[in-house]
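These are my notebook entries on a structure that I had not examined before. I set down what I looked up, entry by entry.

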Amino acid sequence: MLNDVTIPPRRAFTQPQAGDNWETLAKRLFPEEPLQEAVQKLQSWNLFLAFRPGGGGMTPSDIVFTEAPRAA
Amino acid sequence: MSFDLLITNARICDGSGGPSFTGSVGVRNGQIVAVGDIAGEATETIDAEGLILSPGFIDPHTHYDAQLVWDGLAQPALEHGVTTIVPGNCSLSLAPVRADHRELLGATFRKIEEMPQNAFDAGLTWDWETFGEYIAAIRGQLGINIAPLVGHSLIRLWVMGEDARKRPATDAEIAEMQEVLAECLSEGAIGMSGSWVDIDHENMPVPARLAEPRELDALCATLGEHGAIMQIVPEFWDPDLLCARIDIMADLSRKHNLTITFSPLFDSNSSPDLVDIAHERIRLQTAFGARVVPQMQTRPIDLSFDLTAPMSTFATLPTWWATTLLPHEEKLAKLRDPEHREKLRAEINNFMMPIGLDLDFADAFVKRPGKASEGLVGRRLGDLAKERGCHLADVIIDIALDDDLQTSFGLEALGHSRSDKIGHFLADPLIGIGAGDGGAHVTNFSTYGDTGYLFSKYVRELGAISIEQAVHKLTQDVARIWGIKDRGLVKPGYAADLVLFDPATIDRGPEIAVHDLPAPGYRFIRHAQGVRDVFVNGRRAYNADKGYTDTRTGAVVPEAA
């Protein structure tokens, strides 16, 4: 079995850890950047989460993109 | 040699995908015992000249869990040549479930799979809690084979109770989930289903979505240890999200030596390159040892809707959704209320399409009329709005009110409609055929007859796939992906699940409404065309002239340990 295969992702992503919200994610992913700017950047790359309808919010199984979408 | 059944002069598509050949097949004690140039005494002999004999089709994505309690034939799946179905997809089975959670499960299942509540309430006996007890409750009446999945959401609910809907699991709860999963596998489950997408009746994520990656990893370890499979629903409408999910599935597959199938792989105009992008990602991950198999359906999406109950058509229209939830008299009053109608109009004006669908209410038409709307059948709502000088919302509401909400509206070819492209991918060896959703969405659209449509559209009309390959993709290929042993081939030693059909006429019939639910109401189905006989474990289950038989030879695949 090829258990240690590393194929570069099409678009870099992570998954939330227990208790994560936009702020904790932004702090962890972009520790050098001002918090609110990092949150806004993260949300702009993950509009499907930022504007998710209903009361679901972010779930531990969600994908969170950590880079901008590729140009079409 | 003597046989229970001898089928002679058939053109045999044996499920392998190899060239068809003319020959005979002998069946004894539910098994195929001879294939080729054979002769002998038989209790029944069928001259199949002009017909194709193939293995019974295997439908890997269904939601017959509830229907099987009141209809062990899973009608009309059998008449389409389907002899094995996989219920329990998308994280939702009907077991294991504690008595306290039946109402919650029922509400979730009905919302996601769009089942009428009265049929659900009248038809389900709920005389089970464990997975094994559910299997015991249905197995005596099975006329079709089942290879059931156990839902991840059910396992979570069993172990965590209501907390399954609220939080990640502890280490101890994950360990208990692994034990429950192993028990379900020993009681007849072929694998586990999950979802990264579905929302319940309160618009909250289903319990499976509250799982941290380590929980899914642990459950996949259990599946891998048992040689079982996982089915899951990813964000199928977005290329970046889908590719991320494919990568996650591929890592789990390699780590746990596990096959993971996802559904659907869906083509839509809103993301025209998605299927190509996902296919390339799957090709890459497969080359590096992953076993990730997408399921692609054959038919385009047609939808029906009325105002009697919430339907997926209103998924992005919260006021419409809430209105359809109201009790009947209260709903009529709301629909007549000018202030409320203004809100309904505004939502149509700002309509956001449901994921992946090219939906425009102006293109909807009157499909199934009540008495007052009989003269409007087939009329486009956009045209009626112009003629009447009113808003689209008013056309829908006025027609519905004139018939006490009995009128049903239709929308056609909302997605998965580019048949040239779809035909190409249906023939691709990396892509499985499935995702049909049989038994679900019963008042929204017919989920039956995808097999017939494969032959009529993609074999006969477009020539996108040979008849031998089409049979292969519905039989041995599914059995291989799912680890179903001794089915899917016309070969000595294999179960005698067999279909006799006319290659020139096999098709799905028109969509019709039937009243065969265990409570007042209707569902949309399609009858089969061109299928002459269907045999399940050697016994005739369906004949085109005589209909369904009383035979109940359906098996649970795999058998409980």
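How many Å separate the centres of domain 1 of chain B and domain 2 of chain B, taken over C-alpha atoms? I found 37 Å between the two centres.

Entry 1, conventions. I noted that this is a predicted model, in which local features need pLDDT of at least 70, side-chain atom pairs count only at pLDDT 80 or more, and totals for chains, interfaces and linings use all residues. Residues are numbered from 1 along each chain as its sequence is written, while chains are lettered from A and ligands numbered from 1 in the order in which they are written.

Entry 2, domains of chain B. I read the division as domain 1 (1-85 + 418-483 + 492-547) and domain 2 (303-411); the bounds come from an automatic or database domain assignment. Five residues of domain 1 of chain B and six residues of domain 2 of chain B form the contact between them (C-beta atoms, placed from the backbone, within 7 Å). On the domain 1 side I listed three nonpolar, two polar and no charged residues. Here Ala, Val, Leu, Ile, Met, Phe, Trp, Tyr, Cys and Pro count as nonpolar, Asp, Glu, Lys and Arg as charged, and the others, Gly among them, as polar.

I looked up the largest nonpolar core and found 193 residues. Such a core is a set of buried Ala, Val, Leu, Ile, Met, Phe, Trp, Tyr and Cys residues joined through C-beta atoms within 7 Å. A residue is buried if 20 or more other C-beta atoms lie within 10 Å of its own, exposed if 12 or fewer, and partly exposed in between, with C-beta atoms placed from the backbone. Helix 8 (residues 239-256) of chain B gives the most to this core, namely nine residues. Domain 1 and domain 2 of chain B both give residues to the core, so it lies between them. Leu181(B) is among the residues with the most contacts inside the core. Beyond four places in sequence, Leu181(B) touches Val150(B), Ile155(B), Met192(B), Leu219(B) and Thr222(B).

Where is His80(B) found? I placed His80(B) in the loop between helix 1 (67-70) and strand 7 (82-85) of chain B; helices (H or I, at least four residues) and strands (E, at least two) are DSSP runs, numbered from the N terminus. His80(B) counts as buried because it has 32 C-beta neighbours inside 10 Å. Gln529(B) is 449 residues from His80(B) in sequence, yet their C-alpha atoms are 7.8 Å apart. Leaving out residues up to four places away, the contacts of His80(B) include Tyr448(B), Ala528(B) and Val531(B).

I found an open sheet of three strands in the order 14-16-15, with antiparallel pairing (two strands pair if DSSP finds at least two bridges between them). Its edge strands are strand 14 (303-305) and strand 15 (365-368). Strand 15 is joined to strand 16 (residues 408-411) by three bridges, and Val366(B) has Phe409(B) as its bridge partner. Elsewhere, strand 12 (residues 259-262) and strand 13 run parallel with four bridges. Of the six residues in strand 13 (residues 291-296), five are buried.

I recorded three helices and two strands, in the order β-α-α-α-β from the N terminus. Buried residues are 24% of its 72 residues. The contact with chain B takes 20 residues from chain A and 24 residues from chain B.
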